[in-house]
Amino acid sequence: MALLEIRDLQTHYGAIEALHGISLTVERGQIVTLIGCNGAGKSTTLRAISGLIPVTSGSILFDGKPLVGVAPHEIVKLGVAHAPEGRGIFANLTVDENLDLGSYLRRDRDGIARDRERVFELFPRIRERLRQNAGTLSGGEQQMLAIGRALMARPRLLLLDEPSLGLAPQVVQTIFRIIREINAAGTTILLVEQNAHMALQTAHFAYVLEVGEIVMQDEAKKLAESDEVRKAYLGVA
Amino acid sequence: MLRMKARSLELSPPAWTILPRNLLALVVILAIAIMMHAWVRPAVGNYYNRVMMDVGINIVLAVSLTIVNGFTGQFSIGHAGFMTLGGYVAAATTYYGSQLLWSKAAFFGGTLSSNTAESVFSAGLLGGGDLLFVAGCVLGGCIAAGAGYVVGLPSLRLRGDYLAIVTLGFGEIIRVLLQASGPQVTRTADIAAKNPFELTTALGGALGFTRVPIYTTQFWTILFGGVTLLVAYRLKQSSMGRALLSIREDEVAAEAMGVKTTRMKVLAFVIAAFFAGMGGGLYAHQLGQINAGELGFMKSFDFVIMVVLGGMGSISGATLAAIVLTVLPELLRGVAEYRMIVYALLLIVMMLVRPQGLFGVREAWELIRPLTRRMFGSGAKA
């Protein structure tokens, strides 16, 4: 059984339908990416999974359990963590407090301490900046904090929304290297990206989303070689 | 999962240890309150005594509002509504309670509640009257907290300006309802004859509720103010407080972390309303009367200004602002009618120079620490 199975998912923002019934599967231990343009519905899909927006119809199964209609905090407890678009860090709180909020629902102090160490190993910069207000970090550091904070929930599925957004190419390389490390350590990842090039290099499997519909899906390597994707998303003639 | 459950029981301290852990702080607050009442009050005279009580009451109100407006980032401008509600409940409790118990609404307290007693330690510290007074304040706090729950509910769906309008409307509803209440019953025999439920609507109407026995002293304002500060500070340090702060910072991200944003927002309203209600009780028993007409929108706005000036979310900031903005009008008595102009200018300057308020979301000492570290050179960057 796949870790995450979405069937015919439909969502609305007011009267406007954002997702016209998409289906996708995330296998255990993989990095699956969802690529597409602005407004294709990528972030909407992630928000629907973590219960942040209502679902009109369709089903989301996480590890066999339905997530539709479940409260966001219950979904976090089940093991889904979301690093939201635009990073969503708590700018006026310290880096330390941001990390604490990542483990907000957990009570196992030893486990939390271990996971903090792990976050510091992945992102040594975060440890240096613990006492600083999160808003004073650079864009790349903020993204690292957002991912680190999501990891503090010890998720089985990590939802990453545009981790490359607004970052220098070198920083993007670092972030994606760390994403692979996180995955190698056993966390399944659903990655939403506009940077199709990096996403297809990193992921095992990929879906292409266009205005609320999935138009292509395949192994990431194969998709990266297909003519349509090369033209539309990779900028290769 | 099961293992985690067992761990959580073992690690999170049981509820009954909360009191003992804060006992020392409570004892210190109590000691300060008694010392101030015993020695400072007789030394400074009536005028300064009154100003100090005003400061205490305003600290209760400003710090409690900080929990909603500062920590949680909800914009409430109806705080005086909770204060009024609690004040009326407390005043009615002591007034009608004294009439029923002692056939007369006079002072039946001990020396801790007396502004005139020569020596605090001469007679009993507490009498029956002040117990009734404290019970009235707590009851007023509870009723206000209930109202806070009701006002908190719409805050689930509303934010920003819309929530502000709802809280404003709430304050006005409280005022109109109280002004439409029946005349205060003043004859002891009538009070005894009436059904207690009828008395709950006999709140004086537009004349306000008067003849309230005076119990508020420096002791009580410092005690209530201290407890409010202690609760707000412990709340801010707790994971619950951090959850409130996260809502203010980014509500969607907070929800994604698993913070039950709805419940937390209502909780903030309930806690803040409770202390506002208690503060109203202090206010009514300081003046000997309470009139909803005098506690309208402008009063709410006073507290909002204290919170904004002090820094949204800073307890020490709200406290400092409460002190300054209580003392300042006293110093400016000669130009009292220009008070609001001075306030407005102060706010404009503040918003230009320091939009996050005096201390921002931090406490005074948190801002001082890095400064001292820099000065004494121990802060070599890692």
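Buried means under 20% relative accessible area, exposed over 50%, and partly exposed in between, with a 1.4 Å probe and protein chains only. By that scale Leu125(B) is partly exposed, with a relative accessible area of 35%. The model is predicted, so local features need pLDDT of at least 70 and side-chain atom pairs count only at pLDDT 80 or more, while totals for chains, interfaces and linings use all residues; side-chain values use heavy atoms, with hydrogens and water left out. Residues are numbered from 1 along each chain as its sequence is written, and chains are lettered from A and ligands numbered from 1 in the order in which they are written.

**Nonpolar patch on chain B**

- Leu24(B), Val28(B), Ile32(B), Met35(B), Trp39(B), Phe121(B), Leu125(B), Leu126(B) and Leu131(B) make up a nonpolar surface patch with about 920 Å² of accessible area together.
- Patches are made of residues with over 30% relative accessible area and no salt bridge, like charges being joined within 9 Å and nonpolar side chains (Val, Leu, Ile, Met, Phe, Trp, Tyr) within 5 Å; accessible areas come from the Shrake-Rupley method with a 1.4 Å probe, and for residues only the protein chains shown count as cover.
- Helix α2 (residues 18-71) of chain B gives the most to the patch, with 5 residues; helices (H or I, at least four residues) and strands (E, at least two) are DSSP runs, numbered from the N terminus.
- Leu125(B) sits in the loop between α3 (79-102) and α4 (128-152) of chain B.

**Enclosed helices of chain B**

- Helix α11 (residues 261-287) of chain B has 27 residues and spans 39 Å from its first C-alpha to its last, close to the 39 Å expected at 1.5 Å a residue, where the expected span is 1.5 Å times one less than the number of residues.
- Of the 27 residues of α11(B), 21 are buried, so this helix is largely enclosed by the rest of the structure.
- Gly288(B), with a positive phi near 85 degrees, follows α11(B).
- Helix α9 (residues 239-249) of chain B has 8 of its 11 residues buried, so it too is largely enclosed by the rest of the structure; Arg242(B) is among the buried residues.

**Interface between chains A and B**

- The contact (heavy atoms within 4.5 Å) takes 24 residues from chain B and 24 residues from chain A.
- About 2500 Å² is buried between the two chains, 63% of it on carbon and sulfur atoms; buried area is the accessible area (1.4 Å probe) that two parts lose on being put together, summed over both.
- There are 2 salt bridges between chain B and chain A, a salt bridge being a side-chain nitrogen of Lys or Arg within 4 Å of a carboxyl oxygen of Asp or Glu.
- Arg242(B) forms a salt bridge with Asp100(A), the closest N and O atoms being 3.1 Å apart.
- Asp96(A), Asp100(A), Arg116(A), Arg131(A) and Arg242(B) are linked in a salt-bridge network.

**Salt bridges within the chains**

- Glu162(A) and Lys42(A) meet in a salt bridge at 3.9 Å, N to O.
- Glu162(A) lies in the loop between β7 and α7 of chain A and Lys42(A) in helix α1 (residues 42-49), so the pair ties together parts 120 residues apart in sequence.
- Glu162(A) is buried at 3% relative accessibility, and its phi is positive, about 50 degrees, although it is not a glycine.
- Lys236(B) and Glu363(B) form a salt bridge at 2.8 Å, N to O.
- This pair links distant parts of the chain, 127 residues apart, and both residues are buried.
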